[in-house]
Amino acid sequence: MSKFIAIDLDPQGLLAVGGTARGGHAKVEQAVAWVGTEAEGGPGPLTPESARRIGEQLRDRLKEAGVVPAPVMVSVPRDRVILKELRYPAVPLPEEPNVVRFQAMKELSDAPEDVVLDYVPLAGEAAGGERRSMAVAVRKDLFRSIQLMCEAANLRLASVTPRPYAVAAGLGRALATGAAPEGELKAGTVAVLAVGPGGGEFTVSRGGEVAFTRSVAGPVVASDSLLLSEVRRNLTM
């Protein structure tokens, strides 16, 4: 059994949960919701300048909630990451990361030194036997802010992931445990709309993989008609 802390960053603040994982099963034991501007007692925006202050206060809040220090997984909203589906020639696996990075940097507007880049191989081949991957880029200032926050909170950062991947993983878990009706969803294509007061994400999971994802703005979430139009537009895309 291993302990974990998961932190979800949001424009409104952050949500942290502590729990345990064993044999593919996770159990949430404590939760801390910390929202609002700094003047309202919330964390305010996470930046390299505010990261240490937020981390120190987060440390105290986790302690008050009884959350034991553990490796931290941080999810970031869709609008704070860049996702690009790439296609490239089949190469030996040890060479693939360099090929993916080269291909990704050709399609990104950011300079290589300004982003942290990773990728997820996608199932199936493209036309001509090419491989497919989803490249994920996070700006270094955000990544560094997360690192500084965790350091100030005396926590070890284990991973940073886009929230849509957490949504897809949560859907897969819900189907596996029966928390969500399986029907024809398990091996099919499923659209998930996750929203909160500050906005959210529309994510399409196909066979357990993130196939498409877009952020949903707060004003759109606040209007039923706008939200319906946004869902229709995303389904069409």
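How many bridges join β5 to β7? Eight bridges join these two strands, and the strands run antiparallel. The structure described here is a predicted model.

β5 and β7 belong to an open sheet of three strands, in the order β5-β7-β6, with antiparallel pairing. Because β5 and β6 stand at the edges with a single partner strand each, one side of each is left without a neighbour in the sheet. From one strand to the next, the twist averages 25°.

Helix α2 covers residues 96-107, which is twelve residues. From its first C-alpha to its last, α2 reaches 17 Å, close to the 16 Å expected at 1.5 Å a residue. Which residues of α2 are buried? They are E96, V100, Q103, A104 and M105. The cover over these buried residues includes β5 (81-88), β6 (115-121) and β7 (131-139).

Another helix, α3 (residues 140-152), lies across β6 and β7 and runs at about 70° to β7.

**The loop between α2 and β6**

A111 is in the loop between α2 and β6, and P112 is placed in the loop between α2 and β6 as well. Is A111 buried or partly exposed? A111 has a relative accessible area of 23%, so A111 is partly exposed; the cut-off for buried is under 20%. P112 has a relative accessibility of 39% and therefore counts as partly exposed.

Along the chain, A111 and R139 are 28 residues apart, while their C-alpha atoms are separated by 9.8 Å. P112 and R101 are eleven residues apart in sequence, and the distance from C-alpha to C-alpha is 9.1 Å. When neighbours within four places in sequence are left aside, P112 is in contact with R101 and M105. M105 is one of the buried residues of α2.

**Strand β4 and its partners**

Strand β4 covers residues 72-76. Four of its five residues are buried, so β4 is largely enclosed by the rest of the structure. Strand β1 (residues 2-10) is joined to β4 by four bridges, and the two run parallel. In this pairing A6 stands opposite M73 in β4. β4 is also joined to strand β8 (residues 157-162) by five bridges, again running parallel. The bridge partner of M73 in β8 is S159.

S75 lies in β4. S75 counts as buried because its relative accessibility is 9%, and buried means under 20%. What does the side chain of S75 make a polar contact with? The partner is the side chain of D8, at 2.5 Å. Leaving aside neighbours within four places in sequence, S75 is in contact with I7, D8, L9, T161 and R163.

**The hairpin of β10 and β11**

Strand β10 (residues 199-206) and strand β11 (residues 209-217) run antiparallel and are joined by eight bridges. One of the bridge pairs links G199 to A217 in β11. β10 and β11 form a hairpin with two residues between them, and G207 in the turn has a positive phi of about 60°.

The table lists strand pairs described in this report.

| Strand pair | Bridges | Direction |
|---|---|---|
| β5 and β7 | eight bridges | antiparallel |
| β1 and β4 | four bridges | parallel |
| β4 and β8 | five bridges | parallel |
| β10 and β11 | eight bridges | antiparallel |

**Nonpolar cores**

In soluble globular proteins, nonpolar side chains tend to be buried together. In this model, the largest nonpolar core has 33 residues. Which of them touch the most other members? They are I5, I7, L9, L14, L62, I146 and M149. The largest share of this core comes from α3, with five residues.

L14 shows what such a position looks like. Not counting residues up to four places away in sequence, L14 touches I7, D8, L9, V32, A33, W34, P43, I54, L58 and M149.

Methods
Residues numbered from 1 in each chain as written. Predicted model: local features only at pLDDT ≥ 70, side-chain atom pairs only at ≥ 80, totals over all residues. Heavy atoms only, no water. Expected span 1.5 Å × (residues − 1). Buried < 20%, exposed > 50% of the residue type's maximum accessible area, 1.4 Å probe, protein only. Contact = heavy atoms within 4.5 Å. Pairing = 2+ DSSP bridges. Axes fitted to C-alpha atoms, helices over the stretch in contact; angles between N-to-C directions. Core = buried A, V, L, I, M, F, W, Y, C linked by side-chain atoms within 4.5 Å. Polar contact = N/O pair within 3.5 Å; in protein donor to acceptor, adjacent residues only side chain to side chain.
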